[in-house]
Amino acid sequence: QVQLVESGGGLVQAGGSLRLSCTASGRTFSTYAISWFRQAPGKERDFVVEISQSAIGTYYDNSVKGRFTVSRDNAKNTVYLQMNSLKPDDTAVYYCAARINYGRGAYDYWGQGTQVTVSS
């Protein structure tokens, strides 16, 4: 069993930065690929980025490529999402999710989400 908790959300002006954290309980964190998703009001939940178990592999949605950077520290059971050059369109609830197979398959665990609001 893995529990995921997101943190680091908040209100920021356009052009600003935030760093989100996804911290997991349990000893098996390093066996999971971790993804970030986001959901804006009235919209579907969209994929943002995924990082493989060893952090060698990363895959970004085009909408955030060059602005967001994902990293992980398996010793701390944490994945980070550094978000720079934020835009109002980045406003959403951000969720992290875990799955065994990087790049494919269903997600086994989800966090509760953290709100990011970017003002213009």
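**View 1. Thr-23 stands opposite Thr-78 of β8 in this predicted model.** Here we look at the pairing between β3 and strand β8, residues 78–83. The two strands run antiparallel and are joined by six bridges. As you follow β3 along residues 18–24, you will find it mostly covered, with five of its seven residues buried.

**View 2. Strand β3 also pairs with β1.** This pairing is antiparallel too, and four bridges hold the count here. A handy place to begin is Leu-4, whose bridge partner in β3 is Ala-24.

**View 3. Gly-8 sits in the loop that links β1 (4–7) to β2 (10–13).** Setting aside neighbours within four places in sequence, Gly-8 is in contact with Leu-18, Arg-19, Leu-20 and Thr-114. Thr-31, by contrast, lies 24 Å from Gly-8, C-alpha to C-alpha, at a separation of 23 residues in sequence.

**View 4. The largest pocket has a volume of about 160 Å³.** Two elements, β4 (33–39) and β5 (45–51), each give two or more residues to its lining. Among the lining residues you can pick out Arg-38, Gln-39, Asp-46 and Phe-47, along with Asp-61, Ser-63 and Asp-89. By residue class, the lining of this pocket divides into six charged, three polar and three nonpolar residues.

Notes
Residues are numbered from 1 along each chain as its sequence is written. This is a predicted model: local features need pLDDT of at least 70, side-chain atom pairs count only at pLDDT 80 or more; totals for chains, interfaces and linings use all residues. Side-chain values use heavy atoms; hydrogens and water are left out. Contact means heavy atoms within 4.5 Å. Buried means under 20% relative accessible area, exposed over 50%, partly exposed in between (1.4 Å probe, protein chains only). Two strands pair if DSSP finds at least two bridges between them. On a 1 Å grid over the protein atoms alone, a cavity is a set of points where a 1.4 Å probe fits but cannot get out, and a pocket is an open set with protein on both sides within 12 Å along at least five of seven lines; lining residues have an atom within 4 Å of a point. Grid points are joined across faces, edges and corners, and a volume is the space filled by probe spheres set on the points. Ala, Val, Leu, Ile, Met, Phe, Trp, Tyr, Cys and Pro count as nonpolar, Asp, Glu, Lys and Arg as charged, and the others, Gly among them, as polar.
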